[in-house]
Amino acid sequence: MRSASLAECTVMTVRWFALQQGWPVEHIEVVVDHVKTVITGAAAPIDIFDKTVSISAPLLGADQLARLMEIAGKCPIQRVLEGAPLIRTKAGVSMPEH
């Protein structure tokens with residue numbers, strides 16, 4: 001689920017930025033591979049996400065494509081995954097039965 005969320009967030013972030021700039025982008029594809037592995041010296045397994053971003057935009061120059069790739073690394077889901085979020089679960093109000 002995290003991989004799909006990361007991929008979709010990346011697509012939306014890149015598309016939004018391109019629209020804001022008025023840059024014509026034909027297609028954006030993001031593939032995310034996820035593994036959980038123990039790195040040498042680490043005490044616990046960590047999540048590793050490999051994200052491949054493909055952008056079809058034949059009218060854009062190399063600088064514009066490089067900027068879009070930079071933006072692809074700034075989607076909100078990626079920022080959360082890169083941080084150390086604390087997630088708390090608490091009980092809400094019980095829903096009435098129907």
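Helices (H or I, at least four residues) and strands (E, at least two) are DSSP runs, numbered from the N terminus. The model is predicted: local features need pLDDT of at least 70, side-chain atom pairs count only at pLDDT 80 or more, and totals for chains, interfaces and linings use all residues. Residues are numbered from 1 along each chain as its sequence is written, and side-chain values use heavy atoms, leaving out hydrogens and water.

**Gly83**
- Gly83 counts as partly exposed because its relative accessibility is 39%; buried means under 20% relative accessible area, exposed over 50%, and partly exposed in between (1.4 Å probe, protein chains only).
- Between the C-alpha atoms of Gly83 and Phe17 there are 23 Å, and the two residues are 66 apart along the chain.

**The nonpolar core**
- A nonpolar core is a set of buried Ala, Val, Leu, Ile, Met, Phe, Trp, Tyr and Cys residues joined through side-chain atoms within 4.5 Å.
- The largest one has 19 residues, and those with the most contacts inside it include Trp23, Leu60 and Leu68.
- Helix 1 (2–21), strand 1 (27–37) and helix 2 (62–72) each give two or more residues to this core, with helix 1 giving the most, seven.
- Leu68 touches Phe17, Trp23 and Ile55, among others, not counting residues up to four places away in sequence; contact means heavy atoms within 4.5 Å.

**Helix 2**
- Leu68, Ile71 and Ala72 are the buried residues in helix 2.
- They sit on the same side of helix 2 because they cover an arc of only 105° around the axis, taken from the directions from the helix axis to the C-beta atoms.
- The buried residues of helix 2 pack against helix 1, strand 2 (46–56) and helix 3 (76–82).
- Exposed Ala62 and Asp63 are on the face turned away from the buried side of helix 2.
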